[in-house]
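This report describes selected side-chain surroundings in a predicted model. The sequence and structure come first, followed by the notes.

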Amino acid sequence: MILFLLYVVLSTSGLVLFKLGSTGGGISLTLSKTAFGFHIPVLSLLGLLCYMISFLMWMYIISKSDISFVVPLGVALTNLAVLVSSYFILNETITYTTIIGAALIIIGAVILNLK
């Protein structure tokens, strides 16, 4: 269960950090060779690293768990975590339809896992 929660945190962090890095500003790495250059914000690299680690964790979790239980729960928790962190960290607005949609996703995950 701790591995699963760590997956949700890393996946959400990866998405949020990648978004923060894509908005510009901050420190960036620049690779250039003559006419072509490559500019990567450090926050985007950190987000990519978090997301890659979460992907590897997800593959492990799926291999050891019942996929019909883990996938809906993982999607629901990750969506909820992204919604909350986008509000608090990215200062995005949350509408009533967003809240209703998130609630439906969570309700759907619960219904799928009723036995």
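## Aromatic pairs

How many aromatic pairs are there? The count comes to three. One of them joins Phe-4 and Tyr-7: the ring centres are 6.4 Å apart, with 45 degrees between the planes, and the pair is tilted. Phe-4 and Tyr-7 also belong to one aromatic cluster together with Trp-58.

Tyr-87 and Phe-88 form a pair with ring centres 5.0 Å apart and planes at 80 degrees, so this pair is edge-to-face; the angle required is over 60 degrees. Tyr-87 is partly exposed, with a relative accessibility of 42%. Phe-88 has a relative accessibility of 61% and counts as exposed, because the cut-off for exposed is over 50%.

## Nonpolar core

Which residues make up the largest nonpolar core? There are 10: Phe-4, Tyr-7, Val-8, Leu-10, Leu-17, Cys-50, Met-57, Trp-58, Ile-61 and Val-70. At least two residues of this core come from each of helix H1 (2-22) and helix H2 (42-64). The most is given by H1, with five residues. In soluble globular proteins, nonpolar side chains tend to be buried together.

Trp-58, a member of this core, touches Phe-4, Tyr-7, Val-70, Val-71 and Gly-74 when residues up to four places away in sequence are not counted.

Thr-78 is found in helix H3, which covers residues 67-88. Is Thr-78 buried or exposed? Its relative accessible area is 9%, so Thr-78 is buried.

Leaving aside neighbours within four places in sequence, Thr-78 is in contact with Tyr-7, Val-8, Ser-11 and Thr-12. Thr-12 is 66 residues from Thr-78 in sequence, yet the two are 6.3 Å apart in space, C-alpha to C-alpha. The side chain of Thr-78 also reaches the backbone oxygen of Gly-74, at 2.7 Å. Gly-74 is one of the residues touched by Trp-58.

Key: Residues numbered from 1 in each chain as written. Predicted model: local features only at pLDDT ≥ 70, side-chain atom pairs only at ≥ 80, totals over all residues. Heavy atoms only, no water. Helix = DSSP H or I, 4+ residues; strand = E, 2+ residues; numbered from the N terminus. Buried < 20%, exposed > 50% of the residue type's maximum accessible area, 1.4 Å probe, protein only. Contact = heavy atoms within 4.5 Å. Polar contact = N/O pair within 3.5 Å; in protein donor to acceptor, adjacent residues only side chain to side chain. Core = buried A, V, L, I, M, F, W, Y, C linked by side-chain atoms within 4.5 Å. Phe/Tyr/Trp six-rings, centres within 6.5 Å; stacked < 30°, edge-to-face > 60°.
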